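Please brief me on this protein chain. I want the strands, the core, the disulfide and the ring contacts, in short points.

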Amino acid sequence: QVQLVESGGGLVQAGGSLRLSCAASARTFDSYAMGWFRQAPGKEREFVAGISGSGGVTSSADSVKGRFTISRDNAKNTVYLQMNSLKPEDTAVYYCGAARYVIMWTVRAMDYWGKGTLVTVSS
C-alpha cells in the first residue's frame, strides 16, 4: 500500500553531517506520521525521530536530541533526517517508517517500512 525508499546514507567522519531522505508512494502522504529508526549490528531497531502528518509535531530520541532534525515536504512526499555532529555510535542502518496513527514512537507502531540506508561514521 505504501512504498518507502530511503537514500542519502554513506560514510562520514565523526563530527560531520549527512541528510537522509525517504520518498513515499502514499496517495495521501500527509495522512501518515513518519519516523526514522536505526539498527546497529547485533542490536534491536530503535526510534530516532518522528513527525506528524502535518509536520506540526516532532519527537526525537534523547541520544540524537539537538543533533538530528526530522522534517517533511508533503508536496514531494518526502521526509528528511538532517544529521549533524555525527558520532561513531550513530553508525547503523537507518529505516524510514510510516503509520496512519501514532501514539507512541515504537517499532511496532509503524505500518510500513523502507529497506534502509547505511550510515557509517568513522572516528
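Predicted model: local features only at pLDDT ≥ 70, side-chain atom pairs only at ≥ 80, totals over all residues.

Residues are numbered from 1 along each chain as its sequence is written, and side-chain values use heavy atoms, with hydrogens and water left out.

- Helices (H or I, at least four residues) and strands (E, at least two) are DSSP runs, numbered from the N terminus.
- Five of the six residues of β5 are buried, so the rest of the structure largely encloses this strand.
- Buried means under 20% relative accessible area, exposed means over 50%, and partly exposed is in between (1.4 Å probe, protein chains only).
- β4 and β5 run antiparallel and are joined by five bridges.
- Two strands count as paired if DSSP finds at least two bridges between them.
- β5 also runs antiparallel to β6 (residues 58-60), with three bridges.
- The hairpin of β4 and β5 has six residues between the strands, and its Gly-42 takes a positive phi near 80°.
- The hairpin of β5 and β6 also has six residues between the strands; there Gly-55 takes a positive phi near 90°.

**Ala-49, a residue of β5**

- Ala-49 is found in strand β5.
- Its relative accessibility is 1%, so Ala-49 counts as buried.
- Trp-36 stands opposite Ala-49, and in β6 the bridge partner of Ala-49 is Ser-60.
- Leaving out residues up to four places away in sequence, Ala-49 touches Met-34, Gly-35, Trp-36, Ser-59, Ser-60, Ile-70 and Leu-81.
- Contact here means heavy atoms within 4.5 Å.
- Ala-49 and Val-64 are 15 residues apart along the chain, and their C-alpha atoms are separated by 8.3 Å.

**Nonpolar core**

- The largest nonpolar core has 37 residues.
- A nonpolar core is a set of buried Ala, Val, Leu, Ile, Met, Phe, Trp, Tyr and Cys residues joined through side-chain atoms within 4.5 Å.
- The residues with the most contacts inside this core are Leu-4, Met-34, Trp-36, Val-79, Leu-81, Met-83 and Tyr-94.
- β3, β4 (33-39), β5 (46-51), β7, β8, β9 and β11 (117-122) each give two or more residues to this core.
- β9 supplies the largest share, five residues.
- In soluble globular proteins, nonpolar side chains tend to be buried together.

**Disulfide**

- The count comes to one disulfide, a pair of cysteine sulfur atoms within 2.5 Å.
- Cys-22 and Cys-96 form this link, with their sulfur atoms 2.0 Å apart.
- The link is left-handed, at -85° about the S-S bond.
- Cys-22 is in strand β3 (residues 18-24) and Cys-96 in strand β9, 74 residues apart, and the pair links distant parts of the chain.
- Cys-22 and Cys-96 are buried.

**Aromatic pairs and charges over rings**

- The count comes to four aromatic pairs.
- Rings of Phe, Tyr and Trp (its six-membered ring) pair if their centres lie within 6.5 Å; planes under 30 degrees apart count as stacked, over 60 as edge-to-face and the rest as tilted.
- One of the pairs is Phe-37 with Trp-113, edge-to-face at 5.0 Å centre to centre and 75° between the planes.
- Phe-37 lies in strand β4 and Trp-113 in strand β10 (residues 112-113), so this pair ties together parts 76 residues apart in sequence.
- Phe-37 is buried at 0% relative accessibility, whereas Trp-113 is partly exposed at 27%.
- Phe-47 and Trp-105 are stacked because their ring centres are 5.5 Å apart and their planes are at 20°.
- Phe-47 lies in strand β5 and Trp-105 in the loop between β9 and β10, so the pair ties together parts 58 residues apart in sequence.
- Phe-37, Phe-47, Trp-105 and Trp-113 form one aromatic cluster.
- Arg-45 lies over the face of Tyr-95, at 3.6 Å from the ring centre.
- The charged end of Arg-72 sits over the ring of Phe-29, 4.3 Å from its centre.
- A charge sits over a ring if NZ of Lys or CZ of Arg is within 6 Å of the ring centre and within 35 degrees of the ring normal.

- Most residues other than glycine have a negative phi.
- Asn-77 has a positive phi of about 50° and is found in the loop between β7 (68-73) and β8 (78-83).
- Ser-85 has a positive phi near 50° and lies in the loop between β8 and β9 (92-99).
- Ser-85 is partly exposed, with a relative accessible area of 40%.
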